[in-house]
Protein chains: 2
Amino acid sequence: MEKLKNKRSSPSLARREHLSPPGRHAALRETSTDSLSQRVYQALKRDIITGVHPPGEALGEKDLAKRYSSSRTPVREAALRLQQDHLLKIIPNRGYFITKISVQDLTDLYDYRAAVECACAELAAMKGMNPALLERLEELANTEYKVNDRKSYENFISRDTEFHLSIAQLARNQLLLQAVEAARCQMERIMYAAIDIGYYGEFPGREHRGILDAIKKRDSRAARQLMYDHIFGSRDQVLKLAGGNPR
Amino acid sequence: MEKLKNKRSSPSLARREHLSPPGRHAALRETSTDSLSQRVYQALKRDIITGVHPPGEALGEKDLAKRYSSSRTPVREAALRLQQDHLLKIIPNRGYFITKISVQDLTDLYDYRAAVECACAELAAMKGMNPALLERLEELANTEYKVNDRKSYENFISRDTEFHLSIAQLARNQLLLQAVEAARCQMERIMYAAIDIGYYGEFPGREHRGILDAIKKRDSRAARQLMYDHIFGSRDQVLKLAGGNPR
DNA sequence: CGCATATTAATTGTATACCATAAGATTTTC
DNA sequence: GAAAATCTTATGGTATACAATTAATATGCG
């Protein structure tokens, strides 16, 4: 502890010293985020995922500040987080650039998903019996969508993400959950990009139900395997598409 | 505080042809530190890992700014990144708190490590034949340390991390590599904390060599299994320790 | 004397000013 | 007229000023 200053600047630290530490179980519903940084982050993230800002686009701090009605500071903090999410690349003294997604990035992403989501499925089957969440998963697994109907498909994307996130939640592992969240950002981006070239993915309802059933039966082996098959099935679809439309 | 306006006399910093390439090599130790934010991040991270700031400690922006000779802005950016690394928790309008590591966090961390590092070992055996890296791994696997010699053990911690990171590099997957980096932060923190209670982990040389051999023989199945055993062996040691010394 | 409320001090969130750097425009020189 | 050096301008990195929020203390009322 610093004992250098016995002046008026030390009581602040002393006061904070015995503050209650951050609890992990603070499961606050962050519906409407308060801070401006958060709002900018959410808004910009959404705009990148949905393709408002296309890959490769250069963004200046001042423009972003104007666009999202804030100053440069919140934009800067948002950008830092978006870089962690691999949605933005910050080049020092140059600015921000929306990340491009190469074929290499795609295979990396799917390998990553396989690693973390298979673990989630396995752990979900072993650990997590959360009736409310299972109920919700049942609902999500039965979500349909109409092909060539953009609005309907966008809704499906959201449900698809919620399905995978819910399984991660069943695994009750914060690190894995955050990893899946990061992966879903990229997946949503890819799915939105696919819409623009008229591609609506194959409906994964059957696979989702299979995974869910395995979890409910607490068959961790099957849950992992089915998740693996699901992810690599998706991978093959996307890679076939990407191979035909190199970027 | 005296503020000299004429700070033009700093030619050493002014003339830097240090162009920063878009490619990222996050696995490397800090080269010549570029921005002040980076330096604060690195320094604070180090201090958290090595236990200079103990778990639960409250940190104020102003104090940190003074301690690391910067203003609040770089501190803020560093803190944001450290939160992503799970080393710091930012509570809005309250301040920063060094994260505590609960037993739950430990099991989460090891499950996470198992998910990502087993995938790395498998991919390393399948994909990556990098002679230079394999050479280095051989060296690292044979690193010994003297028990009850803090300096020697700290060196081992660094080598241990480099071993696991190098395998992640062999897998050639940026997402997995970053995941392993994040996990290693926590692992180093735990290992440093263990020193303070006089515990020096069991020497993993044999296990490391086993994993490396499997990778060199391109036996992905064995590589994954041996990594799994290695991680859960470590887990059991740590959990036994944490159970006896709850914190 | 204890509890509730107002006040105050200090800290964080946000905006902005300032400085260093990098890319572009202009001029100079061959 | 072209290449190179210099100047200009714009942008990002950092410091700081200002506003909003929080926790601590003080105060009034029962």
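**Figure 1. The side chains of Lys146(A) and Asp149(A) meet in a salt bridge, 4.0 Å from N to O.** A salt bridge here is a side-chain nitrogen of Lys or Arg within 4 Å of a carboxyl oxygen of Asp or Glu. The model is predicted: local features need pLDDT of at least 70 and side-chain atom pairs count only at pLDDT 80 or more, while totals for chains, interfaces and linings use all residues. Residues are numbered from 1 along each chain as its sequence is written, chains are lettered from A and ligands numbered from 1 in the order in which they are written, and side-chain values use heavy atoms, leaving out hydrogens and water. Lys146(A) is exposed, at 54% relative accessible area. Asp149(A) is partly exposed, at 24%. The cut-offs are under 20% relative accessible area for buried and over 50% for exposed, with partly exposed in between (1.4 Å probe, protein chains only). Over all chains, the structure holds 31 salt bridges.

**Figure 2. Arg150(A) and Asp196(A) form a salt bridge through their side chains.** The N to O distance is 3.4 Å. This pair links distant parts of the chain, 46 residues apart: Arg150(A) lies in helix H7 (residues 150–170) of chain A and Asp196(A) in helix H8 (residues 174–196) of chain A. Helices (H or I, at least four residues) and strands (E, at least two) are DSSP runs, numbered from the N terminus. Arg150(A) is partly exposed, with 34% relative accessibility. Asp196(A) is exposed, at 55%.

**Figure 3. Arg184(B) and Asp160(B) make a salt bridge in chain B.** Here N and O are 3.0 Å apart. The two residues are 24 residues apart and link distant parts of the chain: Arg184(B) belongs to helix H8 (residues 174–196) of chain B, Asp160(B) to helix H7 (residues 150–170) of chain B. Arg184(B) is buried, with 2% relative accessibility. Asp160(B) is also buried. Its relative accessible area is 8%. Elsewhere, salt bridges with shared partners join four residues into one network: Glu61(A), Arg72(A), Arg76(A) and Glu77(B).

**Figure 4. Helix H2 (residues 36–49) of chain A, with its cap and its cover.** The helix has 14 residues. The expected span is 1.5 Å times one less than the number of residues. Buried residues of H2(A) include Val40(A), Tyr41(A), Leu44(A), Ile48(A) and Ile49(A). Lys45(A) and Asp47(A) are among the buried residues too. Their cover includes helix H3 (61–67), helix H4 (72–84), strand E2 (88–91), strand E3 (95–98) and H8 of chain A. Just after H2(A), Gly51(A) takes a positive phi of about 90°.

**Figure 5. Two residues other than glycine have a positive phi: Arg172(A) and Asn148(B).** Phi of Arg172(A) is near 50°. This residue lies in the loop between H7 and H8 of chain A. Arg172(A) is partly exposed, at 45% relative accessibility. Phi of Asn148(B) is about 65°. Asn148(B) sits in the loop between helix H6 (131–141) and H7 of chain B. Asn148(B) is exposed, with a relative accessible area of 62%.

**Figure 6. Three strands of chain B form an open antiparallel sheet.** The order is E1-E3-E2. Strand E1 (58–59) and strand E2 (88–91) are the edges, each pairing on one side only. Two strands pair if DSSP finds at least two bridges between them. E2(B) and strand E3 (residues 95–98) of chain B pair over four bridges, in the antiparallel sense. Ile91(B) stands opposite Gly95(B) of E3(B).

**Figure 7. Chain A meets chain B.** The contact (heavy atoms within 4.5 Å) takes 36 residues from chain A and 42 residues from chain B. The chains bury about 3,400 Å² between them, 54% of it on carbon and sulfur atoms. Buried area is the accessible area (1.4 Å probe) that two parts lose on being put together, summed over both. Two salt bridges run between the chains. Arg76(B) forms a salt bridge with Glu77(A), with the closest N and O atoms 2.5 Å apart. On the side of chain A that touches chain B, the elements giving two or more residues are helix H1 (10–17), H4, helix H5 (103–126) and H8 of chain A. H5(A) gives the largest share of that side, nine residues.

Conventions
Polar contact = N/O pair within 3.5 Å; in protein donor to acceptor, adjacent residues only side chain to side chain.
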